[in-house]
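Me: I've got a chain open and want to go through its side chains and strands. Let's start with the charged pairs.

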Amino acid sequence: MTGPIKGDRQVPLEINAIRTDAGGEAPPLTALAFSSGGALLDRQRVDDKGNARLSLPLSQSGDMIRVLLTPVGDEEKLDVGELLRRGGIDAHVALRPGAEKLPPLRFELTADILGPL
């Protein structure tokens with residue numbers, strides 16, 4: 001996996017990872033954004049409060065972005081399928097041409113999603 005793609009114009013995407021059960025703390029997490037073609041667009045660590053901010057490049061044609069939230073590990077050598085198999089969860093975001101802002105993306109974390117936490 002190569003480094004993130006950065007375009008001329010970027011739009012921020014706020015990520016909120018919310019713990020919804022009474023379990024312990026979530027493991028350290030990373031938020032990753034991939035283009036519809038599978039190219040890594042951005043990668044950021046999720047902070048202790050469950051927040052991260054991804055910067056997504058705007059294109060003239062738009063794109064469907066796949067956002068993954070995954071336990072921190074060796075993401076550099078893994079593809080999307082492998083990240084999902086290792087406990088990642090995903091969501092899709094439509095990135096329209098000329099977008100100025102995107103609504104925050106919320107992930108609800110439970111033990112059955114990320115394993116015993």
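**Charged pairs, cores and strands**

Me: What do the side chains of Arg106 and Glu108 meet in?
Reply: A salt bridge, with N to O at 3.6 Å. The term stands for a side-chain nitrogen of Lys or Arg within 4 Å of a carboxyl oxygen of Asp or Glu.

Me: Before I go on, where do these values come from?
Reply: This is a predicted model: local features need pLDDT of at least 70 and side-chain atom pairs count only at pLDDT 80 or more, while totals for chains, interfaces and linings use all residues. Residues are numbered from 1 along each chain as its sequence is written, and side-chain values use heavy atoms, with hydrogens and water left out.

Me: Back to that pair. Is Arg106 buried or exposed?
Reply: Arg106 is exposed, at 51% relative accessible area. The cut-offs are under 20% for buried, over 50% for exposed and in between for partly exposed, with a 1.4 Å probe and protein chains only.

Me: How many salt bridges does the structure hold?
Reply: Six. One of them joins Arg66 and Asp90, N to O 2.7 Å. That pair links distant parts of the chain, 24 residues apart: Arg66 is in strand E5 (residues 63-71) and Asp90 in strand E6 (residues 89-95). Strands (E, at least two residues) and helices (H or I, at least four) are DSSP runs numbered from the N terminus.

Me: What does Arg66 count as, by relative accessibility?
Reply: Partly exposed, at 26%. Asp90 also counts as partly exposed, at 30%.

Me: Which residues are linked in a network of salt bridges?
Reply: Glu82, Arg85 and Arg86. Between Glu82 and Arg86, the closest N and O atoms are 2.7 Å apart. Glu82 is partly exposed, with 22% relative accessible area, whereas Arg86 is exposed, with 55%.

Me: OK, switching to the overall fold. How many helices and strands does the chain have?
Reply: Two helices and seven strands. From the N terminus the order is β-β-β-β-β-α-β-β-α. The chain has 117 residues, and buried ones make up 37% of them.

Me: Now the inside. Which residues touch the most other members in the largest nonpolar core?
Reply: Leu13, Ile15, Leu56, Val67, Leu69 and Phe107, out of 25 residues in that core. The elements giving it two or more residues are strands E1 (10-19), E2 (29-34), E4 (51-57), E5, E6 and E7 (105-109). A nonpolar core here is a set of buried Ala, Val, Leu, Ile, Met, Phe, Trp, Tyr and Cys residues joined through side-chain atoms within 4.5 Å.

Me: And a second core?
Reply: There is a separate one of six residues, including Leu32, Phe34, Val80 and Leu83.

Me: What does Val67 touch?
Reply: Leaving out residues up to four places away in sequence, its contacts include Leu13, Ile15, Leu54, Ile89, Asp90, Val93 and Phe107. Contact means heavy atoms within 4.5 Å. Over the chain, 69% of contacts between residues at least 6 apart in sequence join residues at least 24 apart.

Me: Strands next. In what order do the three strands of the open sheet come?
Reply: E4-E1-E7, with mixed pairing. Two strands pair if DSSP finds at least two bridges between them. E4 and E7 are the edge strands, each pairing on one side only. E1 and E4 run antiparallel, joined by seven bridges, and Leu13 has Leu54 as its bridge partner in E4.

Me: Which strand does E2 join, and how?
Reply: E2 joins E5 through six bridges, antiparallel. Phe34, from the second core, has Arg66 as its bridge partner in E5. E5 is also joined to E6, by seven antiparallel bridges, and there the partner of Leu68 is Asp90.

Me: Last one. Where is the place of Gln60?
Reply: In the loop between E4 and E5. Gln60 is exposed, with 82% relative accessible area. Gln60 and Gly98 are 38 residues apart in sequence and 7.6 Å apart in space, C-alpha to C-alpha.
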